[in-house]
Amino acid sequence: MTKKWTKILEKLDYAFQPIIHSHSGKIFAVEALIRNVHKTDYLSNIQSLFDLAFEEDILYEVDLLLREMAIKKFAGIKIENLRLFYNLDNRIIYNKNYSEGNTSKILQKYNLPKSSICFELSEKGTTIEQNALSTMIQNYKKSGYQIAIDDFGIGVSGLKLLYFSEAHIIKLDRFFISNIDSDSKKKLFCSSIVEMAHTMGMKVIAEGVENTNEFYTCKEIGVDFIQGFLVQKPTQDISELKSIYKNIAKIIHSNQRTELTTMIDEEYIQNIEPLEVNSSLHDLFVHFKENTKNTFVPIVDEHKTLLGVIYEVDIKKISYSQYGLSLAKNDNISSSLKKYIKKVLSVESSWGIDKTLNRFNHNQKQTAGIFITNAEKYKGFIDLSSLLILSHKRNIEIASNQNPLTKLPGNQQIEKFIHESIKNKKRDESFMLYFDFNDFKPFNDYYGFRQGDRAILIFSELIQKKYSSDNFIAHIGGDDFFIGIKNCSFEEVFELTNNVLEEFRDTAKNLYNNDDKKNGYIITKDRFEVKRKFNLLSTSCAIIGVNSKSQIANFDHTLNLLKKHSKKYPFPLSATI
């Protein structure tokens with residue numbers, strides 16, 4: 001290393017920023033961030049540091065020195081079961097001196113396991129860098145390291161990378177997290193990525209969370225981990241890092257937002273006793289001998305993190321051999337358990353039953369069940385028969401609470417949503433929309449119930465298309481619908497709803513014969529058996545604003561008042577309770 005680079009590296013330091021569990025506030029990891037670049041004579045920012053090293057073809061050598069610097073400082077943090085997130089430049093794989101196994105040597109020097117390192121690889125960059133990134137991910141995964149994709153969502157081929165990489169963690173770029181609570185497009189994008197990642201068995205970190213509303217929204221859409229100034233700014237003083245961030249725990253405790261996740265029933269989770277990965281082969285043999293009903297044993301590390309399982313069938317040749325048990329007792333020749341560990345299908349308990357079943361159903365490999373973890377730690381196992389029972393119970397539960405025609409949530413879930421939304425005193429303004437068809441009964445009587453059902457289905461499909469999936473869309477029954485909306489201004493809600501009313505009015509004309517469509521009305525009997533004119537189908541909408549001062553007692557009165565007057569107007573009517 002030249003004197004120039006020695007001087008540069010001597011002036012650099014690392015700051016650490018915590019990454020916490022979104023459901024508890026407990027620290028999960030720290031990200032290493034380079035500091036003091038401005039103190040060097042040659043560089044203006046961090047990117048210029050790596051660009052210069054790349055130009056001089058010593059990027060990998062520089063990175064190894066930086067890597068050891070970060071690991072050495074990380075080793076001094078007195079918090080158990082902590083991971084280090086370390087950023088890699090994708091271009092290091094092109095360096096002529098690139099080789100494998102160097103990180104392992106550094107970790108051994110500071111007495112740290114491979115499980116303590118998670119390499120962050122950015123998806124932004126050129127197509128060439130993307131190819132390098134895919135190759136590097138596979139190399140590090142084969143070596144037993146965790147992999148995170150950084151800056152997800154702003155690269156040139158993010159979804160392609162997500163498909164091929166099979167990374168462990170995705171970090172949503174701060175662009176999508178900033179103001180996510182008030183930007184419905186960002187929320188829709190991020191919630192879709194979270195759903196996709198969880199289905200593929202990946203965890204998600206939200207970067208750049210700076211206020212409580214962003215935190216609540218990230219937690220609401222299922223983000224697993226939080227990083228940002230709301231938790232703590234990067235610090236060069238490792239003594240400032242905490243095992244639990246009480247400010248976040250307090251925010252979580254005080255949050256009364258409606259939780260729509262249906263949790264897994266604990267009675268279906270079997271607590272099969274695990275073995276630590278440092279156990280001997282003899283311990284493994286004894287385990288299967290004492291637990292004859294078990295065909296596998298979960299393997300955890302020293303912090304109870306689930307690593308995988310060992311199947312009895314894979315060690316039978318040794319265990320049943322004439323001298324197998326005696327050989328396993330001999331420390332000199334006893335094999336490590338690591339080579340017998342197989343990957344397993346697992347989910348976090350906080351993901352709930354729907355994601356658990358979805359994850360299981362999307363797994364193409366044959367499996368006996370699914371493992372449950374809680375904040376990465378092994379919790380238990382749900383076998384295939386229990387999964388089938390849970391799936392059946394969940395289908396019945398969903399069916400009993402949804403409208404049979406539109407398959408949307410029904411009255412029970414609507415009532416729960418209304419009460420919990422109004423009961424929540426720590427909320428921004430939200431809106432509840434009540435839709436009611438105009439002159440539906442005459443149309444249904446005149447054209448028949450099949451055509452009436454078509455009208456209801458057309459409207460159901462229209463509102464599901466127009467209102468984003470993170471809103472609560474429900475069918476009260478007959479021609480009445482309900483929508484709960486968060487993170488939108490009144491102007492946005494009004495304009496969108498007005499467009500929906502106009503589009504349905506135009507579409508519904510096609511349900512009439514040519515003469516009635518041309519006339520713009522039908523002549524049929526009213527409820528008093530008197531023949532009169534009825535306009536073609538349209539819809540009225542009452543919009544009720546809900547804020548921290550809203551009272552449940554005012555809801556029905558306000559809704560009835562709006563419904564009564566909304567029939568007279570072709571646009572939505574609104575009020576706040």
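This report walks through a predicted protein model, from the whole chain down to single residues.

## Ground rules

Since the model is predicted, local features need pLDDT of at least 70 and side-chain atom pairs count only at pLDDT 80 or more, while totals for chains, interfaces and linings use all residues. Residues are numbered from 1 along each chain as its sequence is written, and side-chain values use heavy atoms, with hydrogens and water left out.

## The whole chain

Let's start with the big picture. The protein chain has 21 helices and 21 strands; these are DSSP runs numbered from the N terminus, with helices (H or I) of at least four residues and strands (E) of at least two. Along the principal axes, its C-alpha atoms fill a box of roughly 100 × 70 × 45 Å.

Of its 577 residues, 49% count as buried. Buried means under 20% relative accessible area, exposed means over 50%, and partly exposed is in between (1.4 Å probe, protein chains only). The chain exposes about 29,100 Å², and carbon and sulfur atoms supply 50% of that; accessible areas come from the Shrake-Rupley method with a 1.4 Å probe, and for residues only the protein chains shown count as cover. Now for contacts, meaning heavy atoms within 4.5 Å. Among contacts with a separation of 6 or more, 69% are between residues 24 or more positions apart.

Three strands form an open sheet in the order E9-E10-E11, with mixed pairing. (Two strands pair if DSSP finds at least two bridges between them.) The edges are strand E9 (275-276) and strand E11 (306-311), each pairing on one side only. Helix H11 (residues 281-290) packs on this sheet and touches E9, E10 and E11. The direction of H11 makes about 140 degrees with that of E10; axes are lines fitted to C-alpha atoms, for helices over the stretch in contact, and angles run from 0 to 180 degrees between N-to-C directions.

How do E10 and E11 pair, and over how many bridges? Strand E10 (residues 296-300) is antiparallel to E11, with five bridges between them. Look for Ile299, which stands opposite Gly308 in E11.

## Parallel partners around E6

Strand E6 (residues 169-172) has parallel pairings with E5 and with E7. Three bridges join strand E5 (residues 146-152) to E6, and four bridges link E6 to E7. Ile169 is a handy landmark: it stands opposite Ala148 and also opposite Lys203 in E7.

Which E6 residues point which way? Ile169 and Lys171 point one way, Ile170 and Leu172 point the other way, and all are buried.

## Helix H4 and what comes after

In helix H4 (102-109), the buried residues are Asn102, Thr103, Ser104, Ile106 and Leu107. Their cover includes helix H3 (59-74) and E4. As a rule, an α-helix has 3.6 residues a turn, so residues three or four places apart point the same way.

After H4 comes Asn111, whose phi is positive, near 55 degrees. Asn111 sits in the loop between H4 and strand E4 (117-122). It counts as exposed because its relative accessible area is 70%. The C-alpha atoms of Asn111 and Ala75 are separated by 8.2 Å, although these residues are 36 apart along the chain.

Asn36 has a positive phi of about 75 degrees although it is not a glycine. You'll find Asn36 in the loop between strand E2 (27-35) and helix H2 (46-55). Is Asn36 buried or exposed? Asn36 is buried, because its relative accessible area is 13%.

Lys407 is not a glycine either, yet its phi is positive at about 65 degrees. Its loop runs between helix H15 (384-400) and helix H16 (411-423). Lys407 counts as exposed because its relative accessibility is 52%.

## A surface patch and a buried serine

Leu159, Met196 and Met200 make a nonpolar surface patch of about 260 Å². Patches are made of residues with over 30% relative accessible area and no salt bridge; like charges are joined within 9 Å, and nonpolar side chains (Val, Leu, Ile, Met, Phe, Trp, Tyr) within 5 Å. A salt bridge is a side-chain nitrogen of Lys or Arg within 4 Å of a carboxyl oxygen of Asp or Glu. Met200 lies in the loop between helix H8 (184-199) and strand E7 (203-206), and counts as partly exposed because its relative accessibility is 34%.

Finally, Ser430 belongs to strand E15 (residues 430-438). With a relative accessible area of 10%, Ser430 is buried. Leaving aside neighbours within four places in sequence, Ser430 is in contact with Ile485, Lys486, Ile544, Gly545 and Val546.
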